[in-house]
Number of protein chains: 2
Amino acid sequence: MESVICTVDVVLLTLRAGSLQVALYMRDKAPFQGAWALPGGYVHVEADEDAEQAAARVLHEKTGIVSPYLEQLATFSGRARDPRGWSVSISYYALVPVKVIEQAERSDLKLVGVEQLKSLPFDHLQIIHAALERVRSKSTYSSLPVYLCNEQFTLPQLQTVYETLLNEPINKVSFRRKMDELGILEPVIGAVETGKANRPAQYYRVKAQFRHTLSQSGRGLNPGS
Amino acid sequence: MESVICTVDVVLLTLRAGSLQVALYMRDKAPFQGAWALPGGYVHVEADEDAEQAAARVLHEKTGIVSPYLEQLATFSGRARDPRGWSVSISYYALVPVKVIEQAERSDLKLVGVEQLKSLPFDHLQIIHAALERVRSKSTYSSLPVYLCNEQFTLPQLQTVYETLLNEPINKVSFRRKMDELGILEPVIGAVETGKANRPAQYYRVKAQFRHTLSQSGRGLNPGS
DNA sequence: CAAATAGTGTCTATAAGACATTATTGG
DNA sequence: CCAATAATGTCTTATAGACACTATTTG
């Protein structure tokens, strides 16, 4: 039995300038050396306990970033997707606030709006599309998008994040009702967003008990108004 | 770089005697020879175009079954899950009506109620639990459960399938309203379920246009009544 | 015609959306 | 005081569930 090439890839997503962007890494080795692609690499059976740890290691090595949210997306495989031979890519996706990527200051890393993507090596375009579908789907019924926000954020900011992801307006009253029902946010006492010529918005943060176990919920968030 | 063991496993589910059951295969090779486990095997880079085809091939070889519905579940990986070494299991799940399994007549295959499962080789128990979670989750908002029915079925039968999967009663009026809205079923003209001392139930089937592209939908099916 | 369950009409309860009003800031 | 938008109250609409009633069969 021939050997299978076993790799991991990470779709690192963030929100910048009101658009959803994906981090691309300039490949320093063949194949596709010099091309922009998803940060990815071989599973190291000596170093990695499992594929998720491999993804976290690869993400850190290629971008300097440690993402609190890293979830398996799907596995892409086959004879045709990699010129080196029959390969498996166990793919993950991660969400971080844009400042985490900017602070990394990697010249071999760039952010591209997901609408601007043209062609990419391997089947990375397909992987990214799968990640977008997953994130958008999960955003309709979960608190996943808070991973795109800084530690403190206002409800209007968070609503804009949801609206950008889902690409449709959300009813303000319903949104705030839903966030209240989820019960995962708490106001930061005394912290308000000042400087604008209007009533200041209250800052919120994720309650400590949910800080590392977010995601799911009961019913959904729906567009409207 | 050491090599990774690359396998596929299939969680084949069916409904028998009102309980959700999983097909187990008696392993004919080490490790765990003679133990009941998920049907699974190596990816064959010569024969398989991709992992899904490998899963379909393995399912057919070990059970004689070809499942119309076969979807990737998740990939399980790591150093500890297989005594042979660092391994990857790209796992799939399939749903078939029980008669498909019975007609296969394999003595090395058995059905076990998902509540009766004790311990299994590898991390197969974990894989099955992930499949159950996925199927139950999808059943709340999709037509997935029709894959557990025969080609023709009555609405009361289909409702019972949903109720068994979700393990809770469903409001009859809401259920039928939802099935009507989904628009994927059509009555089989003239076909009714006779023999019982009550009004006969109309037989339905999946419309031809949806026969090989089922699954998703708009809003959900909720318990009640 | 009695028992059983399929199938449907309709009222009630709950959740989501529309809209309006008040609150609080900077200039 | 005006413009801007945060925050909230409340009415309307849409969806889900409860319940009852009719339909059709077997024995």
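Predicted model: local features only at pLDDT ≥ 70, side-chain atom pairs only at ≥ 80, totals over all residues.
Me: Let us begin with helix 1 of chain A. How many residues does helix 1 have, and what span should they give?

Reply: The length of a helix can be checked against its number of residues. Helix 1 of chain A covers residues 51-63, which is 13 residues, and at 1.5 Å a residue these should span 18 Å.

Me: What is found at the start of helix 1 of chain A, and what comes just after the helix?

Reply: At the start, a side-chain oxygen of D50(A) comes to within 3.2 Å of the backbone nitrogen of E52(A). Just after the helix, G64(A) has a positive phi of about 75 degrees.

Me: Which residues of helix 1 of chain A are buried?

Reply: A residue is called buried when its relative accessible area is under 20%. In helix 1 of chain A the buried residues are A51(A), A54(A), A55(A), R57(A), V58(A), L59(A), K62(A) and T63(A).

Me: R57(A) is in that list. With which residue does the side chain of R57(A) meet in a salt bridge?

Reply: The partner is D48(A), with a distance of 2.7 Å from N to O. Both D48(A) and R57(A) are buried. A salt bridge may also belong to a network, and here D48(A), R57(A) and E61(A) are linked in one.

Me: How many salt bridges does a search of the whole structure find?

Reply: Over all chains, the search finds 20 salt bridges.

Me: Where do the partners K138(B) and E71(B) lie?

Reply: The side chains of K138(B) and E71(B) meet in a salt bridge at 3.3 Å, N to O. This pair links distant parts of the chain: K138(B) is in helix 3 (residues 124-139) of chain B, E71(B) is in strand 5 (residues 70-78) of chain B, and they are 67 residues apart. K138(B) counts as buried because its relative accessibility is 14%. E71(B), at 23%, counts as partly exposed.

Me: How far apart in helix 5 of chain B are E181(B) and K178(B)?

Reply: The general idea concerns the helical turn. An α-helix has 3.6 residues a turn, so residues three or four places apart point the same way. E181(B) and K178(B) are 3 residues apart in helix 5 (residues 172-182) of chain B, and therefore about one helical turn separates them. They form a salt bridge in which the closest N and O atoms are 3.3 Å apart. E181(B) is exposed, at 55% relative accessibility, whereas K178(B) is buried, at 17%.

Me: Is Q159(B) buried or exposed, and which residues does Q159(B) touch?

Reply: Q159(B) lies in helix 4 (residues 155-166) of chain B. Its relative accessible area is 9%, so Q159(B) is buried. Leaving out residues up to four places away in sequence, Q159(B) touches I170(B), N171(B), K172(B) and F175(B).

Me: How many residues does each chain give to the contact between chain A and chain B?

Reply: Chain A gives 26 residues and chain B gives 26 residues. The area buried between the chains is about 2,200 Å², with 55% of this from carbon and sulfur atoms. Across the interface there are 2 salt bridges. E49(A) forms a salt bridge with R79(B), in which the closest N and O atoms are 2.8 Å apart. The count of residue pairs in polar contact is 13.

Me: Which element of chain A gives the most residues to the side that touches chain B?

Reply: Strand 5 (70-78) and strand 6 (87-95) of chain A each give two or more residues. Strand 5 gives the most, with 5 residues. By class, this side of chain A has 12 nonpolar, 7 polar and 7 charged residues.

Me: Which peptide bond of chain A is cis, and where does P31(A) lie?

Reply: A peptide bond is described by its omega angle. The bond from A30(A) to P31(A) is cis, with omega near -5 degrees. P31(A) is in the loop between strand 2 (19-26) and strand 3 (36-37) of chain A. In chain B, the bond from A30(B) to P31(B) is cis, again with omega near -5 degrees.

Technical notes:
Residues numbered from 1 in each chain as written. Chains lettered and ligands numbered in written order. Heavy atoms only, no water. Helix = DSSP H or I, 4+ residues; strand = E, 2+ residues; numbered from the N terminus. Expected span 1.5 Å × (residues − 1). Buried < 20%, exposed > 50% of the residue type's maximum accessible area, 1.4 Å probe, protein only. Polar contact = N/O pair within 3.5 Å; in protein donor to acceptor, adjacent residues only side chain to side chain. Contact = heavy atoms within 4.5 Å. Buried area = accessible area lost by both parts, 1.4 Å probe. Salt bridge = Lys/Arg side-chain N within 4 Å of Asp/Glu carboxyl O. Nonpolar A, V, L, I, M, F, W, Y, C, P; charged D, E, K, R; others polar.
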